[in-house]
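I am opening my notebook on this structure and will write down what I look up, one topic at a time. Please keep the sequence and the model in view while reading.

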Amino acid sequence: PLAQGLEFDHVQVKAAGKTTLTDLSLVVPARSKVALVGGTDVEKRTLLGLVTRLADPDHGEVRWDGISLKLCRIESLRAAIGWAVAPFVVVSGSISENILAGREKLSDGEVEAATRATHLDRFLRALPEARATRVGHGGAQLSGLTEYLIALSRALVGNPSLLIVEEPEIELSTDERALVNDALLRAFDDRAVLLIART
């Protein structure tokens, strides 16, 4: 778990011959909340991809509790991180299978707790088989809001110490926006958060 903090130390990233991030330094203390605002989506997603080692910086270093991410086992690192960033992928299978995403060691109780925290359970009550409901190819049977809440539940299950999350860019009613805001506040509790802010 992230006990001290995440540090980006003079990070530079180039992609396709272009510099995406230049001399970026940022400290995210454990259990703090940091919103990424401004800049381009490419810049923000590049920054977030460094945390999960989807890419490594060309210069500088990213450190987890003072240890370079290059020295961390990728599986252990990713197990400590919850990820809910667009596109909010939903695959064929049941809602439970989408939340577990192949992590067989997680229990039904952990899935249930995640769906309660995100308010996904409210939508599941209206479905004929609740969490066992099949979602169809690419989640074709689901609304954009339900897809987002599934992705957020997937990010929370397993109780990660760092949550990387994006606010949804979908049309929401006032009540739906209040529900998402409350789900995010619950998700943020007692963990470090990197948020791509949209509102």
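Entry 1: I began with β3 (33-36) and strand β8 (residues 192-196), which run parallel and are joined by 4 bridges. The names follow DSSP runs numbered from the N terminus, a helix being H or I over at least four residues and a strand being E over at least two. Going along the pair, I found that Val34 has Leu194 as its bridge partner in β8, while Ala35 has Leu195. I note that the model is predicted, so that local features need pLDDT of at least 70 and side-chain atom pairs count only at pLDDT 80 or more, whereas totals for chains, interfaces and linings use all residues. Residues are numbered from 1 along each chain as its sequence is written, and side-chain values use heavy atoms, with hydrogens and water left out.

I then looked up the sheet to which this pair belongs, and it is an open one of 4 strands in the order β3-β8-β7-β6, with parallel pairing. Two strands are said to pair if DSSP finds at least two bridges between them. The edges are held by β3 and β6 (81-84), and because each has a single partner strand, one side of each is left without a neighbour in the sheet. From one strand to the next, the twist averages 10°. I reminded myself that strands of a sheet pair through backbone hydrogen bonds, either parallel or antiparallel.

**Entry 2: what lies on this sheet.** Helix α6 (residues 144-156) packs on the sheet and touches β6 and β7 (162-166), its direction making about 170° with that of β6. Contact here means heavy atoms within 4.5 Å, and the angles, which run from 0 to 180 degrees, are taken between N-to-C directions of axes fitted to C-alpha atoms, for helices over the stretch in contact. Helix α7 (residues 174-188) lies across β3, β7 and β8, and runs at about 160° to β7.

Entry 3: Is Ser32 buried or exposed? Ser32 sits in the loop between β2 (18-29) and β3, and it counts as buried because its relative accessibility is 18%, the limits being under 20% for buried, over 50% for exposed and partly exposed in between, with a 1.4 Å probe and protein chains only. Its side chain reaches the backbone oxygen of Pro29 at 2.6 Å. Apart from neighbours within four places in sequence, Ser32 is in contact with Arg191, Ala192 and Val193.

**Entry 4: the nonpolar cores.** I next looked up the largest nonpolar core, which has 35 residues, and in which Tyr148, Leu152, Leu163, Val165 and Phe188 have the most contacts. Such a core is a set of buried Ala, Val, Leu, Ile, Met, Phe, Trp, Tyr and Cys residues joined through side-chain atoms within 4.5 Å. Helix α6 gives the most to this core, with 8 residues. Leaving aside neighbours within four places in sequence, Leu163 is in contact with several residues, among them Gly82, Ala155, Phe188 and Leu194. A second, separate core of 26 residues includes Leu2, Val13, Val51 and Trp64.

**Entry 5: the other sheet.** Here 4 strands form an open sheet in the order β2-β1-β4-β5, and the pairing is antiparallel. Its edge strands, β2 and β5 (67-68), each pair on one side only. I counted 8 bridges between strand β1 (residues 5-15) and β2, and Gly5 stands opposite Pro29 in β2. Helix α1 (residues 41-51) packs on this sheet, touching β1, β2 and β4, with its direction at about 60° to that of β2.

**Entry 6: backbone points to check.** Most residues other than glycine have a negative phi, and most peptide bonds are trans. The bond from Ala86 to Pro87 is cis, with omega near 0°, and Pro87 lies in the loop between β6 and α3. His119, which is not a glycine, has a positive phi of about 70°, and it is buried at 6% relative accessibility. Asp190, in the loop between α7 and β8, also has a positive phi, of about 60°, but Asp190 is exposed, with a relative accessible area of 60%.

Conventions: A polar contact is a pair of N or O atoms within 3.5 Å; within protein, one must be able to donate a hydrogen and the other to accept it, and residues adjacent in sequence count only if both atoms are side-chain atoms.
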